[in-house]
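I opened the notebook to record a few local features of a predicted model. My entries follow in the order in which I looked them up.

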Amino acid sequence: MMFRPLLLTCCGCLIGAAAQAQPVSQEEEERALSQIYGTEEMVSIASGYKQPISKAPSIATVITAADIKQIGATDIDEVLETVPGLHVERNTIGYNPIYTFRGIFSQFNQQVLMMVNGIPITNSYTGSRSEVWGGMPIRDIARIEVVRGPGSAVYGADAFAGVINVITKTKQDIEGTELGGRVGSFDTYDGWGLHGGEWAGFDVALAFEYHKTAGQDSIVDADLQSQFDRLLGTSASLAPGPLNMSRDNLDARIDLSKGHWRFRGGLQHRSDFGNGSGIAQALDPVNRYASDRWNADITYFNNDIENWELTSQASYFETSQEIERNLTLFPAGTTLPIGANGQIGPGAPVTFPNGYIGNPEVWERHVRISQAFAYNGFQQHHLRSGIGFNYDSLFKARVSQNFGIDPATGTPIPSLPGIPLTDVSGTASTFIPEVDRKVAYLFLQDQWNFANDWSLTAGARYDRYSDFGNTFNPRAALIWEARYDLTAKLMYGSAFRAPSFQEMYIINNPAQLGNAALRPETMENVELGFDYRPTDSLRLGLNFFNFWWKDIIRFVPDANTTTSTAQNAGTQQGYGTELEAEWQAADTLKIVGNYAYQRSRDQAQDRDSGYAPHHQVYLRLNWEFLPDWHLSPQAKWIVGRDRSVGDTRKPVADYTWVDVTLRRQNVAKHVEVAFSVRNLFDVSAREPSLAGNPAAIPNDLPLAPRSFYGEVSIKF
Amino acid sequence: MFPRLFFQLGLVLCLLWPIGGGVWAQTPAVAIVYPDVREPYRSVFMEIARGMEQELGKPVGHYLLSGRDNSAEKLINDLKNDRIDVVVTLGRAGLAVAKSVSAEFPVVIGATMIRPDEVQGLAGISLTPAPEAMFDHLKKLVPEVKKVTVIYDPRQTAWEIEHAERAARERSLTLVAQPTANLHDSSDLFRQILVEIKDNSIALWLPRENAAMDEQSLLPEVLREAWEKNFVVFSSNLDHVRKGALFSLYPDNFGMGRSLAGLAVQQLQAGGKFESVKLLQDLLVAVNLRTAEHLGLRFSSQTRREFAMVFPAP
């Protein structure tokens with residue numbers, strides 16, 4: 001291509017030219033093009049600058065790359081916090097996110113299925129995203145699709161409280177090259193490069209994102225070690241002391257496609273990962289975790305055959321949880337009662353000069369193959385069906401520690417300084433055996449348009465697990481296009497949550513033991529929803545839901561010992577409503593907001609389930625106050641978080657969280673700069689720590705104080 | 001920095017081309033002249049350029065109209081220096097320079113809405129969708145339609161309507177075209193038509209220009225009425241499909257690039273010179289499936305595959 005930037009105005013060159021020759025401003029030019037397409041948004045879609053709307057499935061919430069910029073997010077958690085009925089709480093372990101949908105809370109958040117490009121990134125050891133999650137950067141995200149409520153009839157295990165599907169950018173989304181960087185509070189440095197182009201007849205997308213931070217350093221006033229200190233007269237606790245939130249992340253992805261074929265590969269490398277407020281709720285500045293998550297898939301999609309759509313996919317996912325520096329469950333100088341088995345338990349007090357150290361590491365691989373069919377040959381029916389097979393393997397477990405029984409001697413491991421940790425991997429003293437799980441499944445769904453404006457979607461999925469057996473999950477949705485501007489939906493869905501390997505097989509743990517006889521948790525949900533568009537510029541959504549969560553897996557105390565064993569024990573029932581609105585108030589002003597209400601009760605105890613907020617309100621403005629200048633303030637109110645069973649603390653304090661982002665696009669056409677302030681009013685916001693009497697971290701988990709981020713990117 | 005780099009690269013290529021000799025006698029050196037616009041508008045021009053390059057089998061020269069220098073002679077001199085054979089202008093600003101450039105080069109106008117009287121003696125393809133294509137799709141999607149009603153602004157759309165009348169006759173459709181001078185009159189006309197339409201044998205065509213349609217108040221009323229009475233509304237404006245019109249046709253930028261390149265080559269052929277404006281035939285179809293299902297329309301999967309864009313049920 002030859003390219004000559006001709007410095008010329010139409011005005012000047014037309015001196016003496018024809019009468020129609022008037023100067024044409026950039027705005028007029030763009031308006032003229034918009035006229036044929038309708039809006040700038042439509043120009044984007046029609047010019048292939050963005051994925052067509054047709055590709056977006058009709059589901060609860062779709063957050064686009066443009067929305068993410070308005071939110072001013074630097075990590076996916078900040079984006080998900082804007083979804084109605086979803087509140088991101090924090091696990092003491094690494095401050096990992098707990099995506100709490102509609103009051104459904106658990107420490108490891110196994111009730112949420114998270115996928116990247118439709119493929120789960122679940123780690124079977126914890127049943128969640130790994131203890132070394134470390135967040136997910138947002139520059140390579142094209143959109144995030146969030147379904148609230150169960151979806152096991154489509155997605156299988158863990159599509160329970162909600163499903164989060166992250167769609168990464170393809171060549172069409174990037175189209176060119178983007179380079180950028182960000183600096184921010186807590187010594188945060190980010191850099192990224194994206195490229196979308198063609199190579200040897202392939203559409204190619206490459207993404208590289210780097211994130212390094214010392215992490216927010218809010219103070220934890222007291223921890224579990226503080227309690228031990230009080231009981232035993234020691235002073236080992238590091239509280240009050242800061243959280244440990246350092247991160248060193250690298251995310252790289254490749255996407256190649258040609259014709260019917262697509263190949264994707266990726267790496268999420270995590271290192272220098274500080275464990276938040278401690279694995280055992282005792283501050284641990286020593287430990288650093290690491291993790292490598294590799295993924296690859298090859299997908300074949302063909303809709304050339306009359307009435308048929310075929311999708312074949314094979315994927316591979318490998319995930320690890322590794323220790324870079326000793327995982328110090330309790331700090332140096334801790335004194336703990338140690339039983340005859342060398343574990344914490346009834347026995348004489350033992351002092352650990354280097355701390356109570358255990359370094360469990362796991363490596364997993366997951367292989368999945370699937371074949372899906374869609375048939376549209378019937379006038380009133382759209383059929384979908386599929387089969388698949390998954391193989392999940394925890395193929396390596398390694399652990400070294402300074403407690404427990406030394407398998408070589410049969411005596412308790414000594415804890416004295418200078419003595420190296422004892423590697424008990426692969427012995428009777430290890431923490432988990434190497435295990436695997438095979439899953440075969442089959443699903444069928446029919447969308448039946450039985451009358452104009454009415455459709456009934458009914459489907460079911462059967463899963464057969466090699467460890468816990470079979471599960472069958474139906475769903476149904478009746479949809480009525482009631483009016484030009486109103487759609488009503490009545491839905492029923494069921495789901496299951498597979499027990500994690502930890503819950504089934506963990507051994508030699510001072511507090512928790514696995515149970516191979518566990519059954520999956522189950523969920524049933526009924527929901528009524530309305531979508532109302534009173535004017536072209538205003539969209540309203542309203543829904544009412546009611547769910548029954550049964551066979552909840554909990555660690556129940558064993559008789560006559562200090563341990564607890566995983567059991568299916570517990571039922572939670574919840575109901576609530578969500579109202580959302582999107583209003584294009586003017587050409588340059590868009591307002592997005594939602595309100596969510598929920599009540600969840602622990603059936604056995606007949607009291608509030610705790611942790612999750614009863615009310616959430618979210619409001620965001622995007623105001624283009626000058627061409628290419630965007631100001632996006634947003635606020636979220638978190639209100640009404642009761643304590644759960646056995647926790648006598650006062651309810652967690654409400655908070656109002658405000659962020660502001662200022663963005664300037666098209667600086668010299670190629671450059672974009674943005675500046676964000678998060679927690680603008682520097683409120684002391686906290687998420688609930690785990691229940692206890694007394695609670696291990698009594699004053700809950702502090703969120704970051706006011707912080708600042710500036711970024712610049714160039715696209716060419 | 002980057003335009004500058006391209007400029008250098010372009011210059012080298014320009015200098016090298018004549019040395020290649022012979023080849024350009026068959027494949028002319030084609031330039032595109034287009035205004036400096038932001039994304040996503042810029043992608044429209046880039047996609048057209050890609051289509052042209054595909055058709056020509058070689059790169060085209062890019063000449064960006066940006067508002068800092070005011071010398072027409074410079075453009076013409078640059079085109080001459082670069083040994084350009086034929087010039088394709090894109091956008092309103094491209095149209096504005098077309099006349100001056102046509103004194104020295106064969107010119108083809110594209111990527112803007114053009115009336116033939118605006119550009120007498122020049123060749124071009126208007127962005128306006130050809131009514132033939134519009135009616136073909138209408139017949140395919142809703143075979144029951146016998147009559148099409150349109151309210152239009154004669155100052156902007158008269159020649160298009162003449163064209164449409166011919167196209168309708170050829171397809172055994174009756175076109176009822178009612179001119180309107182202003183928004184107030186057009187609102188009255190629309191309301192009258194809404195009363196008259198009883199079933200889906202009559203379809204309402206919403207033309208592109210703003211003068212005949214109040215987007216804020218009248219359009220929702222028309223679409224609501226169409227929903228309740230089960231009649232077809234189709235539009236020359238893509239965004240109307242998102243709002244509930246059954247379908248629209250919108251430019252296939254790549255295909256348009258190929259057609260513009262073909263027309264450019266034709267301008268150099270002895271006796272082949274085309275001196276008029278064509279309506280756009282390179283079009284893609286967008287369909288609102290919620291509206292289609294409400295109307296009880298059933299499409300074969302072959303037809304569905306032709307939908308370049310669909311708007312899903314909410």
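I began with a helix pair in chain B: the axes of helix α6 (residues 131–141) of chain B and helix α7 (residues 154–170) of chain B come within 8 Å and cross at roughly 40°. The axes here are lines fitted to C-alpha atoms, for helices over the stretch in contact, and angles run from 0 to 180 degrees between N-to-C directions. I therefore noted α6(B) and α7(B) as oblique to each other, given that angles under 35 degrees count as roughly parallel, over 145 as roughly antiparallel, 65 to 115 as roughly perpendicular and the rest as oblique. The crossing of α6(B) past α7(B) is right-handed, a term for a near helix turned clockwise from the far one by less than a right angle. Helices (H or I, at least four residues) and strands (E, at least two) are DSSP runs, numbered from the N terminus.

On sources, I noted that this is a predicted model in which local features need pLDDT of at least 70 and side-chain atom pairs count only at pLDDT 80 or more, while totals for chains, interfaces and linings use all residues. Residues are numbered from 1 along each chain as its sequence is written, chains are lettered from A and ligands numbered from 1 in the order in which they are written, and side-chain values use heavy atoms, with hydrogens and water left out.

Next I looked up a nonpolar surface patch, formed by A:W623, A:F625, A:L626, A:W629, A:L662, A:F675 and A:F708, with about 620 Å² of accessible area together. Its residues have over 30% relative accessible area and no salt bridge, and nonpolar side chains (Val, Leu, Ile, Met, Phe, Trp, Tyr) are joined within 5 Å; a salt bridge is a side-chain nitrogen of Lys or Arg within 4 Å of a carboxyl oxygen of Asp or Glu. Areas come from the Shrake-Rupley method with a 1.4 Å probe. Strand β36 (residues 615–626) of chain A gives the most to the patch, with three residues. A:L626, which lies in β36 of chain A, is partly exposed at a relative accessible area of 45% (buried is under 20%, exposed over 50%, partly exposed in between).

A:N307, not a glycine, has a positive phi of about 70°; A:N307 sits in the loop between β16 (288–302) and β17 (308–325) of chain A and counts as buried at 16% relative accessibility.

Definitions and conventions:
Patch = residues over 30% accessible without salt bridge, like charges linked within 9 Å, V, L, I, M, F, W, Y side chains within 5 Å. Buried < 20%, exposed > 50% of the residue type's maximum accessible area, 1.4 Å probe, protein only.
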